[in-house]
Amino acid sequence: MSKPASPPSPAHSSPSGFQDPHDIVMNAPVGIFSSTPEGRYISANMAQARMLGYDSPQELIEKVTDIASQVYCDPADREKFKKHLERQGEVVNQESRFRRRDGSVLWVSWSARAIRDSSGKTLYYQGFNLDITRNREMGKALQQSEQYYRAVFETSGAAQVIINEDTTIMRSNSRFQELSGYTGQDIDGKKSWTEFVDWQDLKRMKDYHYQRRHDQEKAPKLYEFRFVDRHGRKYNVLLNVDMIPGTTQSVASFIDLSARMEAEKSVREANQRLLAILNNINSLIYVADMDSHEVLFVNQYGRDNLGDIEGRKCWESIQSNQAGPCEFCTNSKLLDFQGKPRGVYRWEFKNTVNNKWFDCHDMAIRWTDGRMVRLEIAVDITGRKETEEKLRRHEGFLQAVFDSIQDGISVLDTELNIIRVNRVMKKWYSSMLPLEGKKCHVAYHGSSKKCGLCPSSRALKTGRLEFDEVPLVQKGIQTGVLELFAFPLVDQAGVCTGVVEYVRDITRRKQAEEEKEKLSAQLNQAQKMESVGMLAGGIAHDFNNLLHAMGGNLQLLEMNKPEGHPDKERLQTIQRSIDRASQLVRQLLLFSRKVEIRRKPLDLNQEIKETVKVLERSIPKMINIDLLLSPDLWTINADPVQVEQVLLNLGTNAADAMPEGGKMEIETRNLNLDNQLAPGLEPGPYVLMIFSDTGTGMDQKSLEQVFDPFFTTKEVGKGTGLGLASVYGAVKAHYGHIICRSEPGQGTSFSIYWPAFPEKVNQAWASDADACGKGGLETIMVVDDDLDIRELTAEALQSFGYNILMACSGEEALELFKEQGNRIELIVLDINMPGMGGHKCLARLLEIDPGVRVLISSGYSARDQAKGLEKSGASGFIGKPYQIKDLLIKIRDILDSGASYPAEGA
């Protein structure tokens, strides 16, 4: 096998004295190398060796036996390098991560070509490497700055766009996308701002747009116009617009936007092969005599930009005919006191001829004829400098935008130290200036300890946007309320580096909401009373008649059953349900007229157990109900009908939220509240009832309206929205308090605080004695248009010895009374009948016989009837549905005492 050909020696025509370009290559400040396809270095210069951490090229060649594993951080990059060279023959300005001898990592831009023999076989590679680690770090810094300001931009809470001179919207934030109805993909770079302006304002806006770019001082920065969204809706918008310094772009702020920063271009071109490599490096490389300043060599880049300057003085050819050596000449910095080279001297310089910036690498080397010369590689960094300048201008621009936002913005680090604030924060907390460097709880709340419910602390822990309302504290006094959004700043590695606080003063809004809530409560109460009253009045009579007919028949059946009969308990259960229904109708009537609730000492545990029996019969079987009831629960003072209604409404709502099944849980326990829990809830003993379910839950918006009348999350036709409003009203009427907690997918929990008696109360419950009122032998006329009720009442009274006459209307009752009035001792008269009705019938009966005794029967409440009947001469009132025993007692009382109509509540 023949030995691989050695890399050819560089050759180039040059002035006298330039005998061997090999010295230029070996002493160049950029890495130059040749290597085999198998991965060994054949040759390298000193810069290549030092770049990789070796003391000499010879040490590099000996120690590195596998370039892929010893030099490349990722060996796959070496394979890509080889494949690219095999296909194209050369590679220019590719970037990879290299590993130094000590393990440290650097970024390298490499260029190379494949050297082949006459048959096309690759003999070796030639190329050069340039350390670009500093440029990469600059790009990373710019990217971090972009992330920082974009986070501020996205949390500003206002619509904002950046506009080109040709009216194209180059960028829009999420708030502007919401306002316009388009997505960012629809807008950015595609839409003109003129598409969102009403035609009546368009000419004026275009004039401002033109004026702003040609006479900026005359163009208004703040004005109104009519904004048109995607659907043609128009909005009056206050626009704050100004030019971005140094550009032809403007920022239109409805409030805030930060433009994306362009990535820095920092790759410098270079080429391969000894002289070809030097000639193709995209940087100025030249050699000048350190005594005479004569240019001995210049690469192709230098010739293209400066002409053929070899043989001329560097200060007159490169610096445009200066009269003598440059004041900033680096010759004195390149040699030590013994006249030996010190190494590479790096400096930056702006050429006044072409106004370009250069990153210069100078070093002294020994020329082939023995004299000392200066080798300089000057890399054009104009782009980087422009980027740095843009960054500085952009920083100023973003600070101006930052300060123009009319809400407070505060940027904190992970230790809650204030990094930056806008003008609004400085205005609010002027007594604590400067704010930067202080802990947020010290500057904003005057406290040496962290706030207990700090949303910024939560955002740092959760990595999510957190929200809360916090007090506005100025000079140690709370002067208002702030709405605070805490947005975490997360870097590319997913590490939280700080938090942006966006703060809005909502003091006036909170005051307005409180006033609105008061007015709304009053209006809702009035509307509820009116609508419920109309509804109750319309159905109460007929519904009570039905309940009365059912209840009366059940009572007759029960009377005929001896004690211990298997049907007696079932009949009593049905009768209790009918009694409950009767009480609910009565309660509806009372509620509509805001009469006093009938409270009494109540065992809440027992009420829950009874209501659960009803719920279990009405909800789907796949829903379980668990009871966690405290055995020593205090007694509460409550209306049992309303307590049952609260439980039924909560249970029905919970069942609707669990269509696929789930679990309800009802818990009770005693509580002593030392501090006020809510407005109107005094400290003291309470019984806490927690009613929770595992249903679908509610979002924050629904949770805020959960107790509003007529608000419902159910489908149309599946709910009136009155259930929870009624629950809220019942709890408040008992001087209690209710709190709802819910999250989507996490179920819902209602906590109800009932005022309690800490000690057990002796409860004098009404006895359910079986004994009914006494019967008699008197003649009684029953007047009712309902056949079932008429016959039921007659049968019941006859069973107790009374003689019964029946009439189906007021007209028939009058005729019967005229005929047999001398033997009729009491009339049971229904007030609501067709024809002349009960009122007129009563009046006519009294005209015929002023001493007639009439017991009024009605499905309406006693309070309704009392106002009209207490002066009418009626002897009494009994509301439907009623118990047979109550009717017997009432009849006996009137017959035995000759009582006139009693006072309300009798």
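Is Arg346 counted as buried, exposed or partly exposed? At 43% relative accessibility, Arg346 counts as partly exposed, where buried means under 20% relative accessible area, exposed means over 50%, and partly exposed lies in between (1.4 Å probe, protein chains only). I shall return to this residue after some remarks on the model.

This is a predicted model, in which local features need pLDDT of at least 70, side-chain atom pairs count only at pLDDT 80 or more, and totals for chains, interfaces and linings use all residues. Residues are numbered from 1 along each chain as its sequence is written, and side-chain values use heavy atoms, with hydrogens and water left out.

Let me begin with confidence. The average pLDDT of the protein is 78, pLDDT being the predictor's confidence in each residue, from 0 to 100. A score of at least 70 is reached by 78% of the residues. Over residues 256-272 the pLDDT stays under 50, and the model has 88 contacts for this stretch beyond four places in sequence; contact means heavy atoms within 4.5 Å. Residues 899-906 also have pLDDT below 50, with 18 contacts in the model beyond near neighbours in sequence. Where pLDDT is low, the predicted coordinates should not be read in detail.

I turn to one sheet. Helices (H or I, at least four residues) and strands (E, at least two) are DSSP runs, numbered from the N terminus, and two strands pair if DSSP finds at least two bridges between them. Five strands form an open sheet with antiparallel pairing, in the order S17-S16-S20-S19-S18. Its edge strands, S17 (418-421) and S18 (466-474), each pair on one side only. On average, neighbouring strands of the sheet are turned by 30° against each other, direction ignored. Axes here are lines fitted to C-alpha atoms, for helices over the stretch in contact, and angles run from 0 to 180 degrees between N-to-C directions.

Within the sheet, S19 (residues 477-490) and S20 (residues 496-505) run antiparallel and are joined by nine bridges. Leu489 has Gly498 in S20 as its bridge partner. Helix H14 (residues 382-404) lies across S16 (408-413) and S17, at about 80° to S17. Helix H17 (residues 455-462) lies across S16, S18, S19 and S20, at about 150° to S18.

Next, the salt bridges. With a salt bridge taken as a side-chain nitrogen of Lys or Arg within 4 Å of a carboxyl oxygen of Asp or Glu, the count comes to 24. Arg346 forms one of them with Asp359, the closest N and O atoms being 2.5 Å apart. This pair links distant parts of the chain, with Arg346 in strand S13 (residues 345-351) and Asp359 in strand S14 (residues 356-366), 13 residues apart. Asp359 is buried, at a relative accessible area of 4%.

Glu778 and Arg892 form another salt bridge, with 2.8 Å between the closest N and O atoms. Glu778 lies in the loop between strands S27 (748-757) and S28 (779-783), and Arg892 lies in helix H28 (residues 884-897), 114 residues apart. Both Glu778 and Arg892 are buried.

I close with the largest nonpolar core, where a core is a set of buried Ala, Val, Leu, Ile, Met, Phe, Trp, Tyr and Cys residues joined through side-chain atoms within 4.5 Å. Of its 39 residues, Leu604, Leu650, Met664, Met689 and Trp754 touch the most other members. Helix H21 (residues 640-656) supplies the largest share, seven residues.
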